[in-house]
Amino acid sequence: MSFLTRFAPHVARVVMGLIFFVFGLNYFFNFLPPMPPPEGQAAQTFFMGLMASGFVMPIIKVIEIAAGIALLSNRFVPLALILLAPIVVVIAGFHFVLAPAYPMPIALIAMGLYLAWTHRAAFAPLFRAHTTSPAAATRESLPAHAAPAR
């Protein structure tokens, strides 16, 4: 196993976890210098709409903090990636369409896709076209004499 394949998933997981954990905490504690307001009317309108709602940003930031902790602790990584996926899509859409800035969203997309690929076994059941119900699976796995009557 090469050095890259051995450590790359850990590096991507920790970097992505730090980004979301730190920026999520910064929303509540303001320990980083404030970002300048986005340029452009559409970007400002979008951003101000999120802030004016009063509940969207706190919910997003709590999810970012929780997912960041999960990534940093290497626990529930597939769940953290699922929670962060729509946030990354909105970040990328905002920076690709409303306020052009490409390095951060491209890095987040790349890390997210790479981590999803490294955890692809956890996501495989999501891509099955047909599944059995949990009750049917339980009945099928029980011996004939223990199966409930139909």
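**Entry 1: a pair of side chains.** I began with Glu 64 and Lys 61, whose side chains are joined by a polar contact of 3.2 Å. I noted what that term asks for: a pair of N or O atoms within 3.5 Å, where within protein one must be able to donate a hydrogen and the other to accept it, and residues adjacent in sequence count only if both atoms are side-chain atoms.

**Entry 2: ground rules.** I reminded myself that this is a predicted model, in which local features need pLDDT of at least 70 and side-chain atom pairs count only at pLDDT 80 or more, while totals for chains, interfaces and linings use all residues. Residues are numbered from 1 along each chain as its sequence is written, and side-chain values use heavy atoms, with hydrogens and water left out.

**Entry 3: the whole chain.** How many helices and strands does the chain have? I found seven helices and zero strands. Both are DSSP runs numbered from the N terminus: helices are H or I with at least four residues, strands are E with at least two. I then looked up burial and found that 24% of the 150 residues are buried. Buried means under 20% relative accessible area, exposed means over 50%, and partly exposed is in between (1.4 Å probe, protein chains only). I also checked contacts (heavy atoms within 4.5 Å). Among those between residues at least 6 apart in sequence, 66% join residues at least 24 apart.

**Entry 4: back to Glu 64.** Glu 64 sits in helix α3, which covers residues 56-73. Is Glu 64 buried or exposed? Glu 64 counts as buried because its relative accessible area is 5%. Leaving aside neighbours within four places in sequence, I listed its contacts as Phe 20, Phe 21, Phe 23, Gly 24, Leu 84 and Ile 87.

Entry 5: With neighbours within four places set aside, Lys 61 is in contact with Phe 23, Gly 24, Tyr 27 and Phe 28. Apart from neighbours within four places, Ile 63 is in contact with Leu 83 and Ile 87. I also looked up Ile 63 and Phe 21: they are 42 residues apart in sequence and 9.3 Å apart in space, C-alpha to C-alpha.

**Entry 6: how α3 packs.** Two packed helices are described by the angle between their axes and the distance between the axes. The axes of α1 and α3 come within 7 Å and cross at roughly 145°. Such axes are lines fitted to C-alpha atoms, for helices over the stretch in contact, and the angles run from 0 to 180 degrees between N-to-C directions. By class, this contact has 16 nonpolar, three polar and three charged residues.

For α3 and α4, the axes come within 9 Å and cross at roughly 145°. The residues making this contact include Ile 63, Glu 64 and Leu 71 of α3 and Leu 81, Leu 84 and Ile 87 of α4. Its classes are 11 nonpolar, no polar and one charged.

**Entry 7: the core.** Which residues touch the most other members of the largest nonpolar core? Of its 17 residues, they are Met 16, Phe 20, Leu 71, Leu 81, Leu 84, Leu 108 and Met 111. Helices α1 (3-29), α3, α4 (77-98) and α5 (103-118) each supply at least two residues of this core, and α4 gives the most, with six. A nonpolar core is a set of buried Ala, Val, Leu, Ile, Met, Phe, Trp, Tyr and Cys residues joined through side-chain atoms within 4.5 Å. Not counting residues up to four places away, Met 111 touches Ala 12, Val 15, Met 16 and Ile 19.

**Entry 8: Phe 123.** My last stop, Phe 123, lies in helix α6 (residues 120-123). Phe 123 counts as buried because its relative accessibility is 11%. Not counting residues up to four places away, Phe 123 touches Pro 78, Leu 81, Ile 82 and Ala 116.

Notes
Nonpolar A, V, L, I, M, F, W, Y, C, P; charged D, E, K, R; others polar.
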